[in-house]
Amino acid sequence: MSLEAFTHSEPLTLGVELELQLVNTHDYDLAPYAEDMLRLMHKVPLPGSVVPEMTNSMIEISTGICHSASEVLGQLSPIRDALVKSADKLNIAVVGGGTHPFQQWHERRIYDKPRFQELSQLYGYLSKQFTIFGQHVHIGCPDADAALLMLHRMSRYIPHFIALSASSPYVQGQDTAFDSARLNSVFAFPLSGRAPFALTWDDFTAYFNKMARTGVVKSMKDFYWDIRPKPEFGTIEIRVFDTPLTIERAAALAGFVQSLGAWFLAEQPFMPQEDDYLVYTYNRFQACRFGMDAVYVDPATGSHMPLRDHIRMTMDQIAGHAAQQGASNALHMLCNEAEAGQNDARWLRERQREEQLLAEVSRRAALRFRG
């Protein structure tokens with residue numbers, strides 16, 4: 001139960017995981033086809049991996065180690081194509097988005113894997129409600145102390161990540177009025193929220209050991225923090241993104257993370273403070289609820305501004321580093337959409353206004369995922 005040593009990794013390398021929906025093509029409700037999909041996918045040689053998730057209407061894909069957003073897209077593309085081909089054989093579809101718009105959580109079945117069964121025993125109905133779909137981005141860090149510094153610097157940009165990826169406005173057939181309702185399900189778990197403010201690996205290890213002694217945690221996997229260190233990979237893992245509707249957007253979001261990381265390492269633009277977290281929960285709520293129309297409270301100055309203005313300001317600040325990482329196009333796309341107030345949540349609402357039928361919205365989203 002001791003915390004493992006922080007593995008060496010190449011700074012600023014990326015890894016991306018996407019949790020995806022499996023739906024039938026009759027009424028576009030979730031379909032329990034994870035096992036059949038895994039059987040078909042394991043026959044195809046691909047980068048990264050394809051694994052089951054908590055319930056049997058979900059699947060998780062991940063890249064290997066990537067050096068740029070374009071490499072992320074280069075790995076996600078063949079995985080996406082193989083998923084679509086396998087789904088077509090089974091007469092189902094694969095869809096992005098942070099929540100399925102009208103599934104009923106009580107109909108879900110936990111995937112038959114010991115860890116998932118254990119979590120189901122512990123968390124009861126919360127584990128079925130965890131049929132939600134997120135994107136996780138790993139970024140390589142030079143060493144353990146640098147990882148904690150990177151983690152607490154990235155925390156200032158959690159609202160940006162949420163608003164840019166938000167794709168979960170509907171839950172159980174209702175418009176929640178949130179752009180990202182998915183994160184409300186995550187917050188129900190006792191070890192969610194933010195990581196403790198520790199800037200050295202020694203301090204973080206002391207915290208972990210105290211938690212382990214209480215018997216509450218056994219490993220880093222037991223923490224559902226918005227950002228957590230992953231010592232076995234030598235990375236930090238950012239976990240607040242809704243799964244986007246397209247792999248192109250998923251890759252662009254990874255490019256944004258990498259550009260921020262490059263700025264932090266090259267310029268050390270600010271030192272994180274415990275007081276940064278005074279406005280953390282408020283900023284996160286604003287981004288979940290209002291998306292691109294959120295208000296952002298600057299942790300350093302306390303000034304209030306539209307989040308989309310702060311996104312543009314941040315992207316201007318890191319433009320040089322984005323160019324060096326080959327992420328200029330990714331940032332350009334995200335910035336233009338932010339200025340237009342556009343994200344996947346808005347796209348889903350626009351389709352529902354046109355169609356007046358959430359099953360049709362899911363069908364259109366499945367077509368978007370195909371590319």
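How many disulfides does a search of the whole structure find? In this predicted model, the search returns 0 disulfides. A disulfide is a covalent bond between the sulfur atoms of two cysteines. Cys141 counts as buried because its relative accessibility is 0%. Cys335 has a relative accessibility of 12%, so this residue also falls under the 20% cut-off and counts as buried.

Turning to the overall fold, the protein chain contains 15 helices and 13 strands. Its radius of gyration is 20 Å, close to the 21 Å that the globule rule gives for 371 residues, so the chain is as compact as a globular protein of that length. The C-alpha trace spans about 55 × 45 × 35 Å along its principal axes. Of the contacts in the chain with a separation of 6 or more, 76% are made by residues 24 or more positions apart.

Buried residues account for 60% of the 371 residues in the protein chain. The accessible surface of the chain amounts to about 14800 Å², and carbon and sulfur atoms contribute 51% of that area. As for charge, the chain carries 34 positive and 43 negative side chains. The centres of these two sets are 4 Å apart.

Conventions: Residues numbered from 1 in each chain as written. Predicted model: local features only at pLDDT ≥ 70, side-chain atom pairs only at ≥ 80, totals over all residues. Heavy atoms only, no water. Disulfide = S-S within 2.5 Å. Buried < 20%, exposed > 50% of the residue type's maximum accessible area, 1.4 Å probe, protein only. Helix = DSSP H or I, 4+ residues; strand = E, 2+ residues; numbered from the N terminus. Rg over C-alpha atoms; globule rule 2.2 N^0.38 Å. Contact = heavy atoms within 4.5 Å. Areas by Shrake-Rupley, 256 points an atom, 1.4 Å probe, with all protein chains shown as cover. Lys, Arg positive; Asp, Glu negative; His and termini not counted. Charge placed at Lys NZ, Arg CZ, Asp CG, Glu CD.
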